[in-house]
Amino acid sequence: MRKQKIEGKKLKIKVNKKNNGITLIALVITIIVLLILAGVTIATLTGENGILTRASQASEQTEIAEEKEAIGLAYTGILADNNGTGVSADELQEELEKNGYSATVVDNGDGTLTVTFESGREYTIDENGNISDPTISNIIATMKIVGEKVINPPVPTGFTYTGEGTVDTGYVIQDSNGNEFVWVPVDKDQKIQINVTSKSGNIESISLTDPYGDEITLPNIDSLGTSYSNTEIDPTINGPYRLTIVAGGETKKVFLNVHSLYEIDTMADWQTTDGYAKTQGFDTFEELLAGWGYETEEEFLMDGSFMKEYSEPEGNYAGLVKANGGFYIGRYEASESNGSVAIVENVNPWNNIDQITALENTQHMYDSISEEDKNFESSLLTGAAWDRTLGWLYETAAVTSEEIVANSSSWGNYRDDTFSGTTSLINTGSMPETEKNHIYDLAGNLWEWTTEAYSTVNRVNRGR
């Protein structure tokens with residue numbers, strides 16, 4: 001019995017010693033194995049081809065695909081609604097926001113649009129709807145024009161709404177003699193809205209220049225942080241405005257092309273196409289730049305010499321336009337009826353009339369209405385009103401910039417047009433191809449007078 005107890009103790013001691021030895025060795029081996037496994041795991045997870053890296057890349061590629069798809073769907077949807085006539089920056093931004101995406105869209109003035117998402121990724125869409133691969137910008141900057149839009153145009157004394165069109169498609173009114181006019185909107189109290197965010201530190205500088213290249217004073221830029229916002233900048237004239245931001249060693253430029261004011265206008269941003277270049281004797285716009293002595297497209301856009309001289313007859317036309325949020329333009333080319341002006345359909349247009357006679361006739365068109373009862377003024381179209389009408393047609397995608405400044409044979413009666421089959425004048429409003437937003441024959445048929453005239457002694461000089 002003693003022997004058994006002793007052996008039992010020995011057995012117990014041996015077992016204890018054996019367990020202790022195995023535990024220490026196993027611990028060391030386990031630590032070594034774990035370190036090896038950890039190294040392999042970390043490399044597998046975080047290396048250049050690691051799981052986390054590939055997962056991050058896959059996530060990024062998924063986001064890029066989603067952003068591209070969002071742009072493509074919005075763009076093609078708008079293009080279909082506009083019957084293939086183009087997509088504006090405002091339309092694309094509105095559609096993206098409607099679809100739940102926070103993005104800003106900028107018109108680059110060369111037929112392309114740039115879309116910037118909150119991710120900082122930027123995509124460029126060309127005139128054919130092709131979407132570029134994204135680039136990353138640490139500066140997200142937007143600039144757009146905002147104002148009060150008139151939904152229900154005012155109807156002057158003695159006129160009635162015909163029931164045709166809306167403020168966006170051409171609101172038509174008619175007087176008691178059957179003369180018809182179409183409303184051209186000019187938003188009230190228009191402002192340039194600026195928003196800038198820097199992801200790479202404080203904004204070092206920010207500047208804004210007008211279409212002449214003159215700097216516009218921006219308030220609150222003495223101590224810039226990582227963001228800047230301003231909604232109270234007054235646009236002075238139509239044309240390209242340029243915002244330049246420097247932050248974190250990066251420079252970003254944003255253009256805003258304005259054609260929404262009843263002011264002096266430039267269409268320089270519409271002239272950055274090969275089509276326009278061909279009208280000037282060049283094969284491409286790049287050749288035009290070189291031929292005209294411009295080093296860059298930006299220099300071309302910011303050349304103040306494209307600004308048109310602004311003149312207006314006596315009266316309060318500009319004041320009424322701003323107060324009412326727009327003006328009416330004759331639906332048809334003017335014709336003559338018993339020595340007076342008529343704006344009616346399917347008659348011979350008034351031809352071979354000088355500018356002074358045209359002005360006097362249009363200003364006295366409604367003399368039969370007493371001054372007490374008349375709440376409007378009539379006149380020959382000003383150059384600003386003409387340009388604004390073209391800008392509105394472009395904004396609503398009724399025509400493209402190319403169809404305005406380069407080739408309007410698709411909607412104007414010319415010797416080489418695509419629809420009339422005649423080399424003669426056509427009657428007012430006689431061909432549907434010439435109708436854009438319920439206005440007929442803006443392009444072709446007759447040279448039309450405005451209160452401005454180039455290279456002629458028969459122009460108006462009223463102190464301007």
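Two strands count as paired if DSSP finds at least two bridges between them. With that in hand, here is a quick tour of a predicted model, in which local features need pLDDT of at least 70, side-chain atom pairs count only at pLDDT 80 or more, and totals for chains, interfaces and linings use all residues. Residues are numbered from 1 along each chain as its sequence is written, and side-chain values use heavy atoms, with hydrogens and water left out. Helices (H or I, at least four residues) and strands (E, at least two) are DSSP runs, numbered from the N terminus.

**The open sheet**

- β6 (159–161) and strand β7 (residues 172–175) pair in the antiparallel sense, with 3 bridges between them.
- Threonine 160 has glutamine 174 in β7 as its bridge partner.
- The sheet itself is open, with 4 strands in the order β6-β7-β8-β15 and antiparallel pairing.
- β6 and β15 (326–330) stand at the edges with a single partner strand each, so one side of each has no neighbour in the sheet.
- On average, neighbouring strands here are turned by 35° against each other, direction ignored.
- Helix α9 (residues 383–395) lies across β8 (180–185) and β15, running at about 75° to β8. For such angles, axes are lines fitted to C-alpha atoms (for helices, over the stretch in contact), and the values run from 0 to 180 degrees between N-to-C directions. Contact here means heavy atoms within 4.5 Å.

- Strand β2 (residues 113–117) is mostly covered, with 5 of its 5 residues buried. Buried means under 20% relative accessible area, exposed over 50%, and partly exposed in between (1.4 Å probe, protein chains only).
- Leu113, Val115 and Phe117 point one way from β2, while Thr114 and Thr116 point the other way.
- Strand β1 (residues 103–107) pairs with β2 in the antiparallel sense over 5 bridges, and aspartate 107 stands opposite leucine 113.
- Strand β3 (residues 121–125) also runs antiparallel to β2, joined by 4 bridges; here leucine 113 has isoleucine 125 as its bridge partner.
- β2 and β3 make a hairpin with 3 residues between them, and glycine 120 in the turn has a positive phi of about 90°.

**Helix α8**

- In α8 (residues 355–363), the buried residues are Gln355, Ala358, Leu359, Asn361 and Thr362.
- β17 (340–342) is included in what covers those buried residues.
- Aspartate 354 caps the N-terminal end of α8, with a side-chain oxygen 3.0 Å from the backbone nitrogen of isoleucine 356.

Notes
Polar contact = N/O pair within 3.5 Å; in protein donor to acceptor, adjacent residues only side chain to side chain.
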